[in-house]
Amino acid sequence: MQAFLHQLLSGLATGAIYASLAVALVTIFKTTHHVNFAQGELAMFSTYIAWSLIQKGLPYWATFPATLAVAFVAGVVIERVVVRRVEHAPVLSVVIVFIGLLVICNSLAGWIFGFSIKAMASPFPSDAWYGSAYLSAHELGMIAVTLAVLLCVFLFFRFTRLGLAMRAAADNPESSRLVGVRVGWMLALGWGFAAALGAVAGMMAAPVVYLEPNMMTGVLLYGFAAALLGGIDNPWGAALAGFIVGVLENLAGAYLVGTQLKLAVALVVIVGVVTFKPAGLFGRRLVVRV
Amino acid sequence: MSRGAAKIVGLAALGVVACAVPFVASSFHVFQLTQIVVYAIALLGLNLLTGFNGQISLGHGAFYAIGAYTTAILLDKVGFPYWATVPIAGALCFGVGFLFGLPALRLEGPYLALATFALAVTTPQLLKVNALERWTGGVQGLLVEKPGSPIGGVLDADQWLYFLSLGVAFGLYLVAWNLLRGRTGRALMAIRDHPIAAATMGIDTALYKSLTFGVSACYTGVAGALGALLAGFVSPDSFTILLSIHFIVGVVVGGIASIGGMLFGAAFVTLVPNLADRISQAAPWAIYGAVLIAFMILMPTGAAGFARAVARRLFRGGNQPI
């Protein structure tokens, strides 16, 4: 029972990472209807930036907002410079451009920071009072940070003018443009937010999976699984599904398929959801007018 | 000279060069040429599916892996002759591709890309599974014996494998060309361009789409089988997501929905790593990434489309190719 509880709770902790990544994916999907294959690699690159800032001697909690800011700007720039040009291109072109971004981030990280595995310290000391046998201090910290960030995102979209404008631009670009919302910039801001959310996921994941250029490939797959399971146009569904996928992965790895086939859980969830329930658990069914 | 005649002369010249080069090149260069031919077969398979039928696959590395492992297992564990393993690998991949194509019928655009992406990321882990280690060799993989040349006096083993691959590639190109220029090809492209209109005209879209998936996987599986014979070993870490991205790069550079361009695309992905490796280990991939984005924004028809545009300038008139 104790072992089971431990697996369950640490599943929630990894689920926190998937939840932030899934919300980032949903943010981009909602605004542009693109599935961002480069999300994981962008997060990985941001994590490297955090790592090098820490190497320079900055304290962790100063690095955290700095990295989010860098990631935000990078996201906006990528949208303005690259993604905008294929905004109305066929799906194939969009997918290929994202794969190009993925490859570039991956190789640049290897080029600049090297391919060797680096350890990144956790900001939560391992002997902190809130650590326990069930949930280490870092795991609890991950959950807390993710929930706090998601709360900020919620407050932003619910209570600010800019958040309202962004939701309007995603919902109905033509009408928003008519009432004076600058839709193009709203999409770029959406990209910025997604990149910053990804950076949170990367920085929380790094102490667990270690820092190396391919660290996010597996994590991204779980992020996709969570986004689809929650319904790809519903951020709260995706966040909840992130925790569900984390628990599912951990329990399946411990009791069902073994650690070797953990990634296959993501594959099964992805193929299962898109085949049998494309709208996910909390999404709306997309109906297209011919 | 008319366009048709120019085309025939060009193809004949390419054929003569392709047959002559292995006799003057070093055995390493023959190895590279064989690799290009093998990749061209895989790219042709992927392009049938993605370029002509509009189903995006980011996971063709998985079918390449199935073909390679089929050959390795049949050679090493069962003792089949090497030439018999290639069609078996193709047939097996056709079956697997057809079955994967059935759920794929319900997936459109980015969703199919996502599902195949997941397949490609998972492939190395699936190949390492302990339960199959007796057959797959686990993390270590399997050694594949290089086939000897049956006409040892004329061709050495490398040259023999080159001509074998060239022959297979030529046959598969003819099949693809025949498939695409007739009724079937028109149906495939109609489904790509407007699935609903295609269905209204009486095209069985479900059947065509899953058959295309099967044929495409079959091509890539045959390439995988030849690739295993060429490389001399198979191991899970040769079949990561990067292999699938390799194929995408080749198709984009050669030209989406072109079959001639695939040879150029294959040459590009084989030779760029050799040239760029000297700068940095990461350089080839940085180049690939830049090329993917630049082609999509500036030259979406790839090298073949560019060549066609030049040819149209030179030989005005004539009918438009597909």
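Among contacts in chain B between residues at least 6 apart in sequence, 78% join residues at least 24 apart; two residues are in contact if their C-beta atoms, placed from the backbone, lie within 7 Å. This is a predicted model, in which local features need pLDDT of at least 70, side-chain atom pairs count only at pLDDT 80 or more, and totals for chains, interfaces and linings use all residues. Residues are numbered from 1 along each chain as its sequence is written, while chains are lettered from A and ligands numbered from 1 in the order in which they are written.

Of the 322 residues of chain B, 50% count as buried (20 or more other C-beta atoms within 10 Å of the residue's own). The C-alpha atoms of this chain fill a box of roughly 55 × 50 × 40 Å along the principal axes.

Helix H11 (residues 262-276) of chain A packs against helix H5 (residues 110-127) of chain B, as the axis values show.

| Feature of the H11(A) and H5(B) axes | Value |
|---|---|
| Approach of the axes | within 9 Å |
| Crossing angle | roughly 160° |

Axes are lines fitted to C-alpha atoms over the stretch in contact, with angles from 0 to 180 degrees between N-to-C directions. The angle makes H11(A) roughly antiparallel to H5(B) (over 145 degrees). By class, their contact has 14 nonpolar, two polar and no charged residues; Ala, Val, Leu, Ile, Met, Phe, Trp, Tyr, Cys and Pro count as nonpolar, Asp, Glu, Lys and Arg as charged, and the others, Gly among them, as polar. Among the residues that meet are A:Leu267 and A:Ile270 in H11(A), and B:Leu114 and B:Thr122 in H5(B).

Terms used:
Helices (H or I, at least four residues) and strands (E, at least two) are DSSP runs, numbered from the N terminus. Angles under 35 degrees count as roughly parallel, over 145 as roughly antiparallel, 65 to 115 as roughly perpendicular and the rest as oblique. A residue is buried if 20 or more other C-beta atoms lie within 10 Å of its own, exposed if 12 or fewer, and partly exposed in between; C-beta atoms are placed from the backbone.
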